Amino acid sequence: MSTILSLAPQNVWKHFYSLTQIPRPSGHMEKVTEFLINFGKGLGLESFVDEAGNVIIRKPATPGMENRKGVILQAHMDMVPQKNNDTVHDFEKDPIETYIDGDWVKAKGTTLGADNGLGVAAIMAVLEANDLKHGPLEALITKDEETGMYGAFGLKPGTVNGEILLNLDSEDEGELYIGCAGGMDVTATLEYKEVAPEEGDVAVKVSLKGLRGGHSGLEINEGRANANKLLVRFVREAVASYEARLVSWDGGNMRNAIPREACAVLAIPAENEEELLGLVKYCEDLFNEEFSAIETPISFTAERVELPAGEVPEEIQDNLIDAIFACQNGVTRMIPTVPDTVETSSNLAIITIGGGKAEIKILARSSSDSMKEYLTTSLESCFSMAGMKVEMTGGYSGWQPNVESPILHAMKESYKQQFGVEPAVKVIHAGLECGIIGAIIPGLDMISFGPTLRSPHSPDERALIPTVQKFYDFLVATLAQTPTK
């Protein structure tokens, strides 16, 4: 059986394989940082970790290319840790198991980590190669992009010296991205004192599974179901019709991933349990009918569990349910001048309720700062009315496109020469690090591109094999044709 080590270009896939063997979920960068530093030093290249935890590796220009503008090759080292419910995998210890399915590379029940492992692998291949033409190069491999772009935010002016930044973290080969959305983390919290369940109540745990999930920027416009938004419809009806009381809620686990699973524990009078089970079946059928063209079969099940000692007080429960129900989720607006591209959206990503505390986390995105402010204020209003404390953190502006970019013109011409067609030039509704880095280092000429990936941030993540060769060949040609200083 062939493995990814047999794929072309082998110099990229061998490095990607090495990355799959090193646990690197966001927040746990120690092993991959050490690996990358040892890799750079093993090549005899200047290699160091900056104050923010980013890895920087410098490679001098090849002979005759010293007069070219310096290029920063940029990718992030972390990956989103998502797995199917029935997959046994510890992202902090276990390697990613990859396999080939036709033209795609996939992982067994987990995210693949091609976002952004293939970008890092391509950088490693360039650093290692002795037969390429390029000007001065700097690899900037950032820390914890997926959880808050902490490495990019922590980058200090003067750490890198290049004039051109090539971000290798977009997911459609043949497309050059020249702008991206900004974002803001919205967190609503509330503490409460639990009350005892009513005498004669039983506890039922309901579990919603099987949703596709996906990237909360790139796939937010595809109409995929949000597990938290589906679950609240059931919980609200259970409370209104069957005297159910909310004990706990656990839905989603990453701000930038559309939640695929959610569960809740409800206390309910024993005589209403059968009707509640009927509501579970009704909702399962309804959700599958509503999303039959988008989702794979959705599973919604119930099981009796031990009755907990405490539950959410009724008034607080009702306020939380109303706020979750009312919370904006999905696309708010498309870009008026580019109507096929999302401008503003939100992802009701994580809900944790129980033990006297409620916490709701949302990622708001927009390429318009004013619309981002409008959206985040709307979300703040929604949860403030429920008595929750709302905080805004991790805000960053979008990357404004520059259609007169010299490297853009050079790359468009190079792509047409290589492949006979013009690349598409686009703005992406995702938070690329270009916007943050560009604010820290004004004047950078920036482009983002990459191989074709699908369903990043979910266990359906996959990489289209033929596009990896094209991506790498295009990167190599771009480096050979970098403009002079």
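Select Lys 426. At 33% relative accessibility, Lys 426 is partly exposed (buried means under 20% relative accessible area, exposed over 50%, partly exposed in between; 1.4 Å probe, protein chains only). Glu 175 counts as buried, at 15%. Glu 175 lies in strand β8 and Lys 426 in strand β18 (residues 424–428), so the pair ties together parts 251 residues apart in sequence. Helices (H or I, at least four residues) and strands (E, at least two) are DSSP runs, numbered from the N terminus.

The model is predicted: local features need pLDDT of at least 70, side-chain atom pairs count only at pLDDT 80 or more, and totals for chains, interfaces and linings use all residues. Residues are numbered from 1 along each chain as its sequence is written, and side-chain values use heavy atoms, with hydrogens and water left out.

Next, select Lys 470 and Glu 173. Their side chains form a salt bridge, 3.4 Å from N to O. Lys 470 sits in helix α12 (residues 465–480) and Glu 173 in the loop between β7 (164–167) and β8 (175–180), so the pair ties together parts 297 residues apart. Lys 470 is partly exposed at 29%; Glu 173 is buried at 16%.

Now go to Arg 245 and Glu 311. Their closest N and O atoms are 3.4 Å apart, in a salt bridge. Arg 245 is in strand β11 (residues 245–251). Buried or exposed, Glu 311? Glu 311 is buried, at 0%.

Terms used:
A salt bridge is a side-chain nitrogen of Lys or Arg within 4 Å of a carboxyl oxygen of Asp or Glu.
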